[in-house]
Amino acid sequence: MRSFWLFQKKPEGLSRRRRALFWAWNLGVVLAAGLCLGWLSLFFAYGDYPDTIMKTYFQHPLILFLNITPVVLALFLVYALAGRSWLAFLLTDLAVWGLSLGNYYKLRFRDDPLMFQDLKNLRDAAAITAMADYDLTPDKRVVFGLLCLLFGTAFLFFLARGRLPKRPRIALAAACAVLCFPMAKLCGDDTIYSSRTQNFDQIERWSSTQVYLSKGFVYPFLHSVTAGAVKPPAGYSQSETVALLNAYTPEDIPEEKKVDLIAIQLEAFADFSLFEGVEGVDFHRAYGVYHQLEAESLTGNLVTNIFAGGTVDTERAFLTGFADQRNYRADTNSYAWYLRTQGYTAEGCHPSYEWFYNRRNVNGYLGLENYYYIENRFRELYPHGEAPDEVLFPEIFRLYEANRDGGGGPWFSFNVTYQGHGPYSTEDVWRGQHFTDGRYSPETANIVDNYLGSVMDTAEQLQWLLDRFRREERPVVVVVFGDHKPWLGYANSAYQELGVNLDLSTDEGFYNYYATRYLLWANDAAKEALGSDFTGEGEDVSACFLMNLVFDRLGWTGDAWTQAAADIWREIPVLTDVGRYVRNGRLTAELDDDGQAALERYLGLQYYYSTHFRYQELR
């Protein structure tokens, strides 16, 4: 068959008509291969979500165009460079399908899509995958994709062998390269992404993950290339922003109010007893100790931007006061930097590896002068890997004692736990604690029992730590909060079986999906120094405004940024990057004129303050 004139490498000796048919066949097959490869990326784009999402792609021609055209352009560009259709298809397929496969598994395991910024953390992802023991066994869809790769490569190898001469190859490469520029502009356009490619028929519009996958994969992935860049918001004026900041008078923290401030972000810690209608689970036993701690603290809902993953979004929002996070590559303003100007030592712990999320560098960029990880402290304390809370919490207290007994001044400690990190086994119960009564499937029961066992132990370790601070003569304030709701099975299977409402179009579903809890506790010395009892139910707050709430309760005024952000916090206490806000005590997607003006002020302040570092004297 390969001897047939249409399948030769060159059209030598063919008539003009056959020569035209020869190139039409070869280029047409490459085009068809590109279209099929673009379709294949869509086939994996929605993970374990319903197959009906695939149909919606074909109901939106612009989504099809933006997903398939870049793949076709890439294939023809590689074809022009490599000169062989089968090799061009293989290389392009490995890139496009490889990324699509990564997105597919990431959606399945973490309900989180693959974005361009994630490529900078491939080492982290590989380590997390290995330690979490995710099931990577190929399913039917993965096998189908692999067969498409093999069949397509073989088909082109045998039946599309035409090799373009040098000049046409150069012309084709140049044409593809030129076309990449308008294609990149279309993919990076925020208006097209947010408005003209809306596809909400089969998804929850308030879920950033579902909005992403509703647009396919190749297109939103390419859009994410520019999404991580720091860009000024629409209508931004640096002079107006500077004038706004200059209108505030920075105030130092009064000496009598310089309490030791310890922040502890709990991995995947959430209060499931707040879910309505869940039966057959002993939440009272799981959360009994935690509720005792809440009774002697100021508590409330912390509304995050993330679900089941993305820990650093919450921790860096807390440290910076910024709602939009990025990959920090240089010193950036933060509350840690400010506290250091007030005489505080700023340090903390995370009992995992320093290279996860590049914390070793980023924590320094955000002003945490000393930070302790497995490599420089916890390996000696716990040689088995990531240290649990029973190791971490005593170490937090030992570091506090070292600062206290060493004649240190006020202390700011920011800590991130690892215990509670999913996934939780579906096959056995690690801690031997059972909280379900047998009505749920073994998989769901094991997941829930493992999670609640971790929650109960964390609360007991937290109680131990607060009891130590309770006896201290130095004033100590502790703020504790969860970073996100936990992973509970592929495609949120345990949430579904428990009957938890995750309908993001409802207030209940939104809070069930995005809200955790915060707890602000003070010992007697701090209550006396600050003139507050630190009890009661506080207001809902975003992670980016949690420090404003802490400053307010401590009676601290802060620098110009803190004061300006606090004014906006009082108008919009919940501000998310999924387009939902709390305004006048009500969850809403549409802000009134005053609320919109406050949001625009905040976005301008955030851009300026995140790009104009001001604490050089501390370096």
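**Reading strands and sheets**

Modeller: Gladly! Keep in mind that this is a predicted model. Let's begin with strand E7 (residues 515-522): 8 of its 8 residues are buried, so this strand is largely enclosed by the rest of the structure.

Biologist: Which residues of E7 lie on one side and which on the other?

Modeller: Ala-515, Arg-517, Leu-519 and Trp-521 are on one side, while Thr-516, Tyr-518, Leu-520 and Ala-522 are on the other. Both faces are covered, as these residues are all buried, meaning under 20% relative accessible area.

Biologist: And how many bridges join strand E2 to E7?

Modeller: For strand pairing, look at the bridges and the direction. Strand E2 (residues 298-303) runs antiparallel to E7, with 6 bridges joining them. As an example, Asn-301 stands opposite Arg-517 of E7. Strand E6 (residues 476-482) also pairs with E7 in the antiparallel sense, over 5 bridges. There, Leu-519 in E7 is the bridge partner of Val-480.

Biologist: Now to another sheet. In what order do the strands E10, E11 and E12 come?

Modeller: The order is E10-E11-E12, and these 3 strands form an open sheet with antiparallel pairing. Strand E10 (574-575) and strand E12 (586-588) are its edge strands, each pairing on one side only.

Biologist: What does the pairing of E10 with E11 look like?

Modeller: E10 and strand E11 (residues 581-583) are antiparallel and pair over 2 bridges.

Key. Residues are numbered from 1 along each chain as its sequence is written. This is a predicted model: local features need pLDDT of at least 70, side-chain atom pairs count only at pLDDT 80 or more; totals for chains, interfaces and linings use all residues. Side-chain values use heavy atoms; hydrogens and water are left out. Two strands pair if DSSP finds at least two bridges between them. Helices (H or I, at least four residues) and strands (E, at least two) are DSSP runs, numbered from the N terminus. Buried means under 20% relative accessible area, exposed over 50%, partly exposed in between (1.4 Å probe, protein chains only).
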